[in-house]
Amino acid sequence: MKKIDMLEKIYEVRQMDFEEENKKDREILSKMSNTITFEKIEEDIKKNCKEGKAKESEQIMKELEELIENYEIQIAYYSQKNYKRGFKDAINLYTQSLKEE
């Protein structure tokens with residue numbers, strides 16, 4: 001009797017669901033994230049450097065803070081998601097190993 005490689009089986013199942021799940025993740029994160037982009041900040045910096053405007057520089061700093069916040073939101077989201085997935089997979093592996101003994 002050939003033993004099933006549980007890790008490989010989990011990987012195969014995850015791979016099939018990955019694309020759909022990734023799409024849902026982007027939708028969730030887009031609702032949680034600020035609307036600022038790196039490109040917008042870069043454009044503002046270049047513009048203000050040419051014109052020497054201090055007030056606009058404050059706006060750029062605010063946008064940078066929002067961009068950093070976006071990354072923090074994404075990191076927290078994926079950390080929580082992957083922790084839960086890893087824990088579930090570990091339990092499944094443990095259960096599988098108990099059944100094989």
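Here are some exercises with worked solutions on the structure above.

The model is predicted, so local features need pLDDT of at least 70, side-chain atom pairs count only at pLDDT 80 or more, and totals for chains, interfaces and linings use all residues. Residues are numbered from 1 along each chain as its sequence is written, and side-chain values use heavy atoms, with hydrogens and water left out.

**Exercise 1. Which salt bridges does Lys40 make with Asp44 and Glu63, and where do the partners lie?**

Step 1: Take Asp44. Its side chain meets that of Lys40 in a salt bridge of 2.7 Å, N to O. Both residues belong to helix 2 (residues 38–51), four residues apart, which is about one turn of the helix.

Step 2: Compare the cover. Asp44 is buried at 12% relative accessibility, while Lys40 is partly exposed at 35%.

Step 3: Take Glu63. The salt bridge between Lys40 and Glu63 spans 3.9 Å, N to O. Lys40 is in helix 2 and Glu63 in helix 3, so this pair ties together parts that are 23 residues apart in sequence. Glu63 is buried, at 5% relative accessibility.

Step 4: Zoom out. Salt bridges that share partners also join Glu21, Asp25 and Lys81 into one network. By the rule, the count comes to six salt bridges.

**Exercise 2. Which residues form the nonpolar patch on the surface, and which form the negative one?**

Step 1: Get the patch rule. Patches are made of residues with over 30% relative accessible area and no salt bridge; like charges are joined within 9 Å, and nonpolar side chains (Val, Leu, Ile, Met, Phe, Trp, Tyr) within 5 Å. Accessible areas come from the Shrake-Rupley method with a 1.4 Å probe, and for residues only the protein chains shown count as cover.

Step 2: Pick out the nonpolar patch. Tyr83, Phe87 and Ile91 form it, with about 360 Å² of accessible area together. Phe87 has its place in helix 3 and counts as exposed at 51% relative accessibility.

Step 3: Now the negative one. Lys and Arg count as positive and Asp and Glu as negative, while His and the chain ends are not counted. The place of a charge is taken as NZ of Lys, CZ of Arg, CG of Asp or CD of Glu. Asp17, Glu19, Glu20 and Glu27 form the negative surface patch. Asp17 is in helix 1 and is partly exposed, with a relative accessible area of 39%.

**Exercise 3. How many aromatic pairs are there by the rule?**

Step 1: Rings of Phe, Tyr and Trp (its six-membered ring) pair if their centres lie within 6.5 Å; planes under 30 degrees apart count as stacked, over 60 as edge-to-face and the rest as tilted.

Step 2: The count comes to one aromatic pair. Tyr77 and Tyr78 form this edge-to-face pair, at 5.2 Å centre to centre with 80 degrees between the planes.

Step 3: Tyr77 is buried at 16% relative accessibility, whereas Tyr78 is partly exposed at 30%.

**Exercise 4. How many Å separate the C-alpha atoms of Asp89 and Ile10, and those of Lys55 and Gln15?**

Step 1: Asp89 and Ile10 are 79 residues apart along the chain, and their C-alpha atoms are separated by 7.6 Å. Asp89 lies in helix 3.

Step 2: Lys55 and Gln15 are 40 residues apart along the chain, with 49 Å between their C-alpha atoms. Lys55 also lies in helix 3.

How values were computed: Salt bridge = Lys/Arg side-chain N within 4 Å of Asp/Glu carboxyl O. Helix = DSSP H or I, 4+ residues; strand = E, 2+ residues; numbered from the N terminus. Buried < 20%, exposed > 50% of the residue type's maximum accessible area, 1.4 Å probe, protein only.
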